Amino acid sequence: RNALDNLKNVCLNISEIYKKQKQFEKALNFHEEFTALKDSIYNQENNKQLIEVEAKYENEKKQNQINL
């Protein structure tokens, strides 16, 4: 994940540099890449949290069955 965060930040920085140079097409391309990476990281985090919640639910469900 750290490598993706670094790449995401690099894309944003390059986008800003091109924007300042008034190379708007290149700035847009790098900003779109930044957004795609940001979304990818966000989705990975959400999937991880979902898996953790599902595992916790299953464990509690099994524990409740054992207690009965």
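Colleague: Let's start with Lys56: does that count as buried or exposed, and why?
Modeller: Keep in mind that this is a predicted model. Lys56 counts as exposed because its relative accessibility is 54%, and the cut-off for exposed is over 50%.

Colleague: Okay, and which helix does Lys56 lie in?
Modeller: Lys56 lies in helix α2. That helix covers residues 24–67, so 44 residues.

Colleague: What does α2 reach from its first C-alpha to its last?
Modeller: α2 reaches 64 Å, close to the 64 Å expected at 1.5 Å a residue.

Colleague: Which residues of α2 are buried?
Modeller: Those are Ala27, Phe34, Leu37 and Ile41. What covers them includes α1, residues 2–20.

Colleague: How do the axes of α1 and α2 cross?
Modeller: They come within 8 Å and cross at roughly 160°. That makes α1 roughly antiparallel to α2, because angles over 145 degrees count that way. The crossing of α1 past α2 is left-handed.

Colleague: Which residues in α1 meet α2?
Modeller: Among them are Leu4, Leu7, Cys11, Ile14 and Tyr18 in α1. On the α2 side, the residues they meet include Phe30, Phe34, Leu37 and Ile41.

Colleague: And by class, what does that contact have?
Modeller: The contact of α1 with α2 has 12 nonpolar, three polar and six charged residues.

Definitions and conventions:
Residues are numbered from 1 along each chain as its sequence is written. This is a predicted model: local features need pLDDT of at least 70, side-chain atom pairs count only at pLDDT 80 or more; totals for chains, interfaces and linings use all residues. Side-chain values use heavy atoms; hydrogens and water are left out. Helices (H or I, at least four residues) and strands (E, at least two) are DSSP runs, numbered from the N terminus. The expected span of a helix is 1.5 Å times one less than its number of residues. Buried means under 20% relative accessible area, exposed over 50%, partly exposed in between (1.4 Å probe, protein chains only). Contact means heavy atoms within 4.5 Å. Axes are lines fitted to C-alpha atoms, for helices over the stretch in contact, and angles run from 0 to 180 degrees between N-to-C directions. Angles under 35 degrees count as roughly parallel, over 145 as roughly antiparallel, 65 to 115 as roughly perpendicular and the rest as oblique. A crossing is left-handed if the near helix is turned anticlockwise from the far one by less than a right angle, and right-handed if clockwise. Ala, Val, Leu, Ile, Met, Phe, Trp, Tyr, Cys and Pro count as nonpolar, Asp, Glu, Lys and Arg as charged, and the others, Gly among them, as polar.
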